[in-house]
Amino acid sequence: MKINRILLLFVLSIFIYSCGSRKKVTERNSEREVEVRGEAKRHIPEGAPAPVSHAESVEQYIQMFAPIAQEEMQLYKIPASITLAQGILESGAGKGRLSRNANNHFGIKCHGWNGGKIYHDDDARQECFRKYNHPKYSYRDHSLFLAERRRYAELFELDIDDYKGWARGLKKAGYATDRKYPNKLIDLIERYQLQRFDEEVLGRPSKSYADVADGNSGNTTHLVKKGDTLYAIAKRYHTTVADLQRSNDLDGTTISIGQLLYIN
């Protein structure tokens with residue numbers, strides 16, 4: 001009798017384990033179905049970056065996501081420079097919580113979303129934001145967000161290389177409430193020469209970022225490096241701190257590594 005009881009318990013344990021395994025597989029399949037329905041099912045650009053959403057620097061972020069922004073420009077006629085500048089600004093170059101934990105680089109909220117979700121304090125506490133398996137889906141959703149909403153229709157009547165018009169048009173259409181939003185986008189585009197990616201898509205010759213940063217393009221510029229100060233840069237180029245502030249719309253003397261300064 002004792003042996004029979006042990007054998008019965010053994011059989012029951014195998015049965016329970018089998019049921020649990022089937023349940024987990026079913027749950028995983030169900031989650032995958034929701035994920036596919038929730039994320040954009042249209043063509044995703046080839047050569048997408050690895051499924052990590054943060055970068056060590058703005059330059060690395062640009063290197064990672066410029067090809068995606070260019071592909072989106074080809075498909076949806078949104079300037080790559082604008083897409084990249086928005087990604088840098090809204091994700092903190094991939095270091096913000098939404099980009100790190102949800103691959104959401106543009107702060108797009110749920111609004112009927114069937115995929116994964118993350119909750120984050122924004123205009124209100126614990127608002128629902130979309131969660132993606134890969135940053136490339138966030139970029140695609142950004143394109144669809146602009147292309148499929150009537151309030152952004154006027155943007156697509158602008159010249160595709162008019163990044164200033166796009167920056168101001170986004171604010172006018174209600175994309176952001178920050179009154180300085182257009183200036184922030186324009187500053188990022190010009191600081192990191194993001195318009196060169198628009199020119200590449202349009203098949204126009206453009207100066208490389210390295211040439212501009214090294215001052216070999218005919219424009220005198222300086223790429224801020226570790227240890228640089230406005231005073232030291234002014235002394236190096238035989239100018240003044242005040243001139244540097246005027247040329248670069250600086251309110252104070254704070255500069256950041258990777259910032260491109262224009263020298264008169």
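Eleven helices and four strands make up the secondary structure of the protein chain in this predicted model. Of the 264 residues in the chain, 42% are buried.

Two packed helices are described by the angle between their axes and the distance between the axes. For helix H3 (residues 80-91) and helix H7 (residues 181-191), the axes come within 9 Å and cross at roughly 110°. That angle falls in the 65 to 115 degree range, so H3 and H7 count as roughly perpendicular to each other. On the H3 side, the contact is made by Ser81, Ile82, Ala85, Gln86, Ile88, Leu89 and Glu90; H7 brings in Tyr181, Lys184, Leu185, Leu188 and Ile189. Sorted by class, the contact of H3 with H7 comes out as eight nonpolar, two polar and two charged residues.

Now for H7 itself. Its buried residues are Tyr181, Pro182, Leu185, Ile186, Leu188, Ile189 and Arg191. Several of these turn up in the contact with H3 too, among them Tyr181, Leu185, Leu188 and Ile189. After H7 comes glutamine 193, and its phi is positive, near 55°.

Key. Residues numbered from 1 in each chain as written. Predicted model: local features only at pLDDT ≥ 70, side-chain atom pairs only at ≥ 80, totals over all residues. Heavy atoms only, no water. Axes fitted to C-alpha atoms, helices over the stretch in contact; angles between N-to-C directions. Helix = DSSP H or I, 4+ residues; strand = E, 2+ residues; numbered from the N terminus. Parallel < 35°, antiparallel > 145°, perpendicular 65-115°, else oblique. Contact = heavy atoms within 4.5 Å. Nonpolar A, V, L, I, M, F, W, Y, C, P; charged D, E, K, R; others polar. Buried < 20%, exposed > 50% of the residue type's maximum accessible area, 1.4 Å probe, protein only.
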